[in-house]
Amino acid sequence: MDHIVIIGNGISGVTLARHIRKLSDKRITIISAESDYFFSRTALMYVYMGHMKFEHTQPYENWFWKKNRIDLMNGFVEKVDTDSKKLLLKGGSTVSYDKLVIATGSKPNKFGWPGQDLKGVQGLYSKQDLEMLEKNAPNNKVCNRAVIVGGGLIGIEMAEMLRSREIPVTFLVREKSFWNGVLPAGESAMINEHIIEHHIDLQLDTNLEKVIADDNGHAKAVVTDKGETIECNVVGLTAGVAPNIDFLKDSGIEIGRGVKVNRFLETNIKDVYAIGDCAEQHEGIGSRRPIEAVWYTGRMMGETLAQTICGNPKKYNPGHWFNSAKFLDVEYQTYGWVFSERGKKETEQHFHWRHPEEKICITVAFDKDTNQFLGINTFGIRMRHEIFDQWLTENKDIDHVMTYLKDANFDPEFYKLHEDAIVAKYNSDYNKNINPKKKSWKRIFSIA
């Protein structure tokens with residue numbers, strides 16, 4: 001019986017193990033040094049904010065693993081010997097495998113800042129990071145100010161967490177507008193306003209120079225490239241993540257930024273695979289990046305690889321890009337491709353609508369030559385995934401999207417709807433006469 005060993009118990013590794021068990025009786029072992037049981041990483045912030053306890057982030061009861069014959073091992077893999085098919089663990093023990101899957105996820109980026117390893121300087125990725133933040137910033141008496149470095153989704157989450165305990169936050173963002181490498185200008189500007197309205201000291205176009213230590217080796221201040229010294233007790237490093245693959249450097253497994261894999265998620269070494277945040281496609285699929293540190297792509301990779309390992313070789317095909325997040329209390333969704341001004345192609349045109357009072361907006365991307373619908377971003381409006389997935393697959397044009405936009409709305413009952421105002425602005429901007437159709441459940445269910 002094949003022994004499948006999975007390094008990492010995040011969404012990728014656990015999804016793989018579950019689907020292998022559905023398909024086979026193979027022996028399965030998951031090794032992790034982070035936690036005994038799988039937990040939802042995206043829920044860590046809500047533990048700190050008091051909305052749930054850590055055990056509530058575990059989707060499966062502790063008995064689930066034994067019942068499904070999935071062995072869990074708490075250990076840190078220091079070396080992979082692909083010749084003998086053995087793993088060397090910290091402490092000297094070894095584990096043999098028939099097939100190995102690397103699913104070790106990410107680690108916070110560090111860019112060599114002086115003082116980046118001081119006490120009180122941390123990321124926000126792992127269970128240990130959450131425990132460290134609880135120790136470093138339990139309240140605004142112990143932590144009278146935090147400085148967050150890096151303007152992405154993890155940074156805004158950490159800011160929200162700290163503000164929930166009324167801890168003052170300074171947010172250093174190197175870009176001239178928040179996340180403007182991803183968001184179009186109108187959306188980025190709206191989120192700038194939203195951050196400031198939540199009493200966060202947003203400092204744009206500002207970089208960290210160094211972290212200053214006190215006499216006990218704890219962070220006491222940061223210095224920015226503007227020459228400002230900001231006193232603080234906690235420094236959050238949230239300038240993105242990188243694949244967690246340091247232990248593979250002498251293994252013979254090909255690595256770039258991540259573990260190099262083909263479309264079957266195979267490495268250059270037979271019987272060794274990689275999935276999730278640590279996997280790097282030789283070439284990006286479509287417009288996707290070679291490395292995607294996204295929850296749902298990790299899940300998809302686990303489902304796909306289970307088929308291959310169980311004798312049904314299957315290529316990884318993530319389909320149309322989509323994602324969702326929250327910027328404080330504003331929900332964000334994206335389907336297809338809506339590039340920022342920095343990444344836009346010459347033929348990509350944007351239609352943008354923003355509510356005159358609330359933090360609600362949409363941006364629709366389309367080809368200015370063919371009018372083909374390319375993608376949509378929404379803030380404060382929930383949309384149906386299946387609808388946009390179908391429209392993207394069928395290469396619908398933007399007029400079709402505007403005509404049937406009400407079908408895509410997924411907001412709960414009694415929410416105020418904005419499609420009429422959106423289409424009215426579209427008609428005005430492009431001299432069109434689109435008459436939006438009423439929502440049709442028949443159309444919706446025929447697509448879904």
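Colleague: How do the residues of the lining of the second largest pocket divide?
Modeller: There are eight nonpolar, nine polar and four charged. Asp, Glu, Lys and Arg count as charged, Ala, Val, Leu, Ile, Met, Phe, Trp, Tyr, Cys and Pro as nonpolar, and the others, Gly among them, as polar. This is a predicted model, in which local features need pLDDT of at least 70 and side-chain atom pairs 80 or more, while totals for chains, interfaces and linings use all residues. Residues are numbered from 1 along each chain, and side-chain values use heavy atoms, without hydrogens and water.

Colleague: Which of the lining residues lie nearest the centre of the second largest pocket?
Modeller: Ser287, His320, Gly336, Trp337 and Leu374, out of 21. A lining residue has an atom within 4 Å of a pocket point; a pocket is an open set of points on a 1 Å grid where a 1.4 Å probe fits, with protein on both sides within 12 Å along at least five of seven lines. The space comes to about 360 Å³, counted as that filled by probe spheres set on the points, which are joined across faces, edges and corners.

Colleague: Why is His355 called buried?
Modeller: Its relative accessibility is 9%, and buried means under 20% (1.4 Å probe, protein chains only), so His355 counts as buried.

Colleague: What makes His355 and Glu357 a polar contact?
Modeller: A polar atom of the His355 side chain lies 3.0 Å from the backbone nitrogen of Glu357. The limit is 3.5 Å between N or O atoms, one able to donate a hydrogen and the other to accept it.

Colleague: Which residues does Met402 contact, beyond four places in sequence?
Modeller: Phe351, Val364, Ile422, Val423, Tyr426, Ile434 and Pro436, by heavy atoms within 4.5 Å.

Technical notes: Buried < 20%, exposed > 50% of the residue type's maximum accessible area, 1.4 Å probe, protein only.
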